[in-house]
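Hi there,

Here is the structure I promised to pass on, with my notes below it. Have a look at it first, then read on whenever you have a moment.

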Amino acid sequence: MELLLVAVGVAIGGMSGFFGIGGGTMLVPTLMMLGFDIKSAIGISVMQMVFSSLYGSWINHRKGHLDLGEGMVIGLGGSLGALGSGWLVKIVPSIVLEVAFVGVVAFALYRFFKAPAHIDENLGHDLPKPVLFMVGAVIGLLAISMGIGGSILLTPILVGLLHYPLKKAVSAGLFFVVFSSVSGFVSLSITGHIDYWHGFLVGISSLAGVHIGIHMASRTGHKRHKSALVVLYIVILSLMLKKILESA
């Protein structure tokens with residue numbers, strides 16, 4: 001089992017580094033297929049996200065793909081928005097949240113298609129901080145209400161709506177996960193829902209995957225990287241639509 005978890009950690013880390021996601025969307029169902037219950041799977045996933053997002057963000061910053069100032073603004077907005085997630089979940093039916101999530105992803109994906117083929121990598125510095133903060137707040141509110149890290153929403157919105165450079169958007173997405181995963185880790189630790197040994201095993205092995213994923217992303221052309229992201233978003237969007245139709 002340990003060797004299998006190491007392999008899973010490397011694979012999920014690679015996806016985190018390449019796509020700028022936390023990896024929980026893929027890791028939780030994988031762990032459940034391996035025999036872990038849902039609560040243990042979520043705890044392991046959150047612990048893995050702490051490892052991969054912190055290490056990946058450090059590498060991205062060293063490579064010049066992550067603007068810590070803008071990333072902090074988006075992340076703090078996400079943290080503030082997440083505070084309202086409990087209220088939103090309480091008053092809004094699950095089906096409405098799911099449809100809203102699909103709608104936001106679909107619209108962002110459409111704008112992602114329409115974004116310029118090449119965007120100056122320095123353009124992101126011109127975006128107003130209040131806009132970045134509000135984007136983070138809205139994503140934090142919606143994403144945490146859906147139980148996801150939020151980067152799957154952040155990247156297409158930054159690129160498609162705000163014309164943020166792709167590689168910086170991917171890096172900002174992974175940095176966004178730092179805020180949600182650390183908060184989730186503390187919360188789950190307090191309530192005793194963290195499997196520390198298996199979480200550490202998956203998390204530490206994910207670091208190798210993150211390194212490989214970021215290296216691959218930096219060597220992948222804009223067009224191919226964008227195409228790979230589009231495929232990922234379409235897969236996740238399809239899974240969400242399937243879930244909505246099954247629960248309707």
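**The cavity**

The largest cavity has a volume of about 90 Å³. This is a predicted model, so local features need pLDDT of at least 70 and side-chain atom pairs count only at pLDDT 80 or more, while totals for chains, interfaces and linings use all residues. Residues are numbered from 1 along each chain as its sequence is written, and side-chain values use heavy atoms, with hydrogens and water left out.

On the cut-offs: a cavity here is a set of points, on a 1 Å grid over the protein atoms alone, where a 1.4 Å probe fits but cannot get out, and lining residues have an atom within 4 Å of a point. Grid points are joined across faces, edges and corners, and a volume is the space filled by probe spheres set on the points. Searching the whole structure gives one cavity of 30 Å³ or more.

Which residues line the largest cavity? They are Gly17, Asn60, His65, Lys167, Val170, Ser171, Ile214, Ala217, Ser218 and His225. By class, that lining has three nonpolar, six polar and one charged residues (Ala, Val, Leu, Ile, Met, Phe, Trp, Tyr, Cys and Pro count as nonpolar, Asp, Glu, Lys and Arg as charged, and the others, Gly among them, as polar). Helix H9 (166-190) and helix H10 (196-219) each supply at least two residues of the lining.

Threonine 220 lies in the loop between H10 and helix H11 (222-247), and at 17% relative accessibility it counts as buried. Buried means under 20% relative accessible area, exposed over 50%, and partly exposed in between, using a 1.4 Å probe and protein chains only.

**The overall fold**

The protein has 11 helices and zero strands. Helices (H or I, at least four residues) and strands (E, at least two) are DSSP runs, numbered from the N terminus. Of its 248 residues, 51% count as buried. Among contacts with a separation of 6 or more, residues 24 or more positions apart account for 84%.

Is helix H8 enclosed or open to the outside? In H8 (residues 151-160), 10 of the 10 residues are buried, so the helix is largely enclosed by the rest of the structure. Among them are Ser151, Thr155, Pro156 and Gly160.

Leucine 154 is worth a click: apart from neighbours within four places in sequence, leucine 154 is in contact with Ile74, Val135, Ile139, Ala172, Gly173 and Phe176.

**Aromatic pairs**

The structure holds five aromatic pairs. Rings of Phe, Tyr and Trp (its six-membered ring) pair if their centres lie within 6.5 Å; planes under 30 degrees apart count as stacked, over 60 as edge-to-face and the rest as tilted. The rings of phenylalanine 18 and phenylalanine 19 have their centres 5.0 Å apart and their planes at 85 degrees, so this pair is edge-to-face. Both phenylalanine 18 and phenylalanine 19 are buried.

Phenylalanine 51 and phenylalanine 200 form another edge-to-face pair, at 6.0 Å centre to centre and 75 degrees between the planes. Phenylalanine 51 lies in helix H3 (residues 38-62) and phenylalanine 200 in H10, so the pair ties together parts that are 149 residues apart in sequence. Phenylalanine 51 is partly exposed at 22% relative accessibility, and phenylalanine 200 is partly exposed at 37%.

Serine 57 is in helix H3 and is buried, with a relative accessible area of 5%. Its contacts beyond four places in sequence are Leu66, Leu174, Phe175 and Val178. Valine 178, in helix H9, is buried at 11% relative accessibility and touches Ser53, Leu54 and Ser57, again not counting residues up to four places away in sequence.

Happy exploring!

How values were computed:
1 Å grid on protein atoms, 1.4 Å probe; cavity = no way out; pocket = protein on both sides within 12 Å on 5 of 7 lines; lining within 4 Å. Contact = heavy atoms within 4.5 Å.
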